[in-house]
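Hi,

Here is the structure I said I would pass on. Have a look at it, and then read my notes below.

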Amino acid sequence: MVSQQSADVVVIGAGIIGAACARTLSMAGHSVILLERGASAGGTSSHGEGNLLLSDKGPGDELRLSQYAADLWQDVIAQLADELGPEFPSAEYEEKGGLVVATTAAGAQPLLDFAESQRGAGVEAQPMTFAEAKELEPQINPAITAAVFYPGDAQIQPVIATEALLASARVHGATVRQGVRVTAGIHDASGRLVGVKTTKGDVHAGNVIVAAGPWSGEVAALLGSNLPVKPRRGMVLVTTRMPHQIFRKVYDGDYVGAVGSGDAALQTSSVVESTAAGTVLIGSSRQQIGFDDRLRVEVLRELSRKALRIFPFLEQASVMRSYGGFRPFMPDHLPVIGEDYRMPGLWYATGHEGAGIGLCVATANILSDSMSGLTPRLDPAPFTVGRASLADHLTPLTGGSANTTTGAAQS
């Protein structure tokens with residue numbers, strides 16, 4: 001027999017964004033069912049470095065969202081510890097700061113100018129002499145030409161953080177269902193989305209949130225809408241364990257340009273940091289190649305070469321593995337947070353690209369406040385699907401896709 005369930009809200013996707021949304025909405029008093037086609041944290045959230053960054057964002061809407069998130073994280077970590085107790089693994093939240101360096105003469109002034117613009121937007125960005133940088137990172141390459149320290153940068157273990165948010169959501173009454181694939185939307189006579197059809201029965205809800213990362217465009221299409229989310233692949237090298245010799249997130253200033261680029265071709269820049277376990281993570285790359293997950297040796301070669309510009313001692317390090325993942329890329333480089341003006345009842349929390357780990361808690365708060373009829377602390381207008389910068393990337397909805405009462409199952 002096909003089962004039927006109902007809730008105030010259905011969240012699609014059990015990565016860190018969906019987990020944060022389920023938790024925050026449950027805490028606000030909504031009944032929540034979270035659906036995941038695979039395993040929790042099985043997609044983008046398990047293939048990142050756990051960055052909670054201010055240093056890579058220039059003045060503007062994404063920086064304001066990041067500052068809001070940074071203000072929330074300490075409280076969220078404390079709340080999770082209280083709710084889940086000492087038996088639950090630590091999310092390894094660490095406010096270790098970030099050191100951004102220039103490795104060429106041409107890169108020095110742009111780095112310092114970028115930091116100056118950030119200070120004007122309220123970011124603590126401290127220019128440093130080489131001697132000061134070496135105090136923070138004794139193994140730093142003496143050939144660096146400029147350095148800026150960002151005390152507000154932090155790191156977290158993304159898989160554990162996702163599982164902690166999900167566990168907290170359950171504590172507050174949410175239901176998490178894994179191995180359930182959404183196949184279509186359920187709409188009322190007016191075209192409003194009132195639930196979803198799944199491989200394990202219908203789920204009715206007043207609101208449906210798509211938080212499926214780089215797969216959000218596919219899910220939106222199943223529900224009768226469209227969203228220009230594309231996968232942008234990244235790769236990371238992981239060394240064997242070693243005594244800690246890198247104490248902060250350290251990266252080349254050209255990382256900022258790679259993050260902000262819309263070029264589909266390969267972009268690489270050096271990002272290096274240690275984990276609590278003693279391994280060193282070496283990134284990062286960005287490349288639009290669809291969902292092609294084949295190993296690309298040329299990318300790993302570029303990552304290795306650029307890492308040595310910052311930490312020459314890594315030439316003697318042993319790499320034990322590499323991994324890649326897909327980030328949800330939006331053409332205007334901003335996440336989508338809020339209701340789809342073309343289809344009432346359909347909400348989005350996606351498109352954060354590589355910043356989703358850090359931005360999840362702020363995204364969840366904005367969405368929960370908006371859905372609850374409250375005024376969000378941060379203006380959500382820049383992140384809505386109706387913003388002007390997305391107008392050329394959206395397709396009008398047809399009457400048929402939005403006015404069916406049952407939807408049509410798709411594989």
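Two salt bridges are counted between domain 1 and domain 2, a salt bridge being a side-chain nitrogen of Lys or Arg within 4 Å of a carboxyl oxygen of Asp or Glu. Glu353 also pairs up with Arg232 in a salt bridge, with 2.9 Å between the closest N and O atoms.

Before going on: this is a predicted model, where local features need pLDDT of at least 70 and side-chain atom pairs pLDDT 80 or more, while totals for chains, interfaces and linings use all residues. Residues are numbered from 1 along each chain as its sequence is written, and side-chain values use heavy atoms, without hydrogens or water.

As for the domains, domain 1 covers 5-55 + 158-228 + 332-393 and domain 2 covers 98-151 + 231-329; the bounds come from an automatic or database domain assignment. Their centres, taken over C-alpha atoms, sit 30 Å apart. The contact (heavy atoms within 4.5 Å) draws 19 residues from domain 1 and 29 residues from domain 2.

Together the two domains bury about 1800 Å², 57% of it on carbon and sulfur atoms. That is the accessible area (1.4 Å probe) lost when the two parts are put together, summed over both. On the domain 1 side, Glu49, Ser55 and Glu353 lose the most area to domain 2, together 40% of what that side buries.

Cheers
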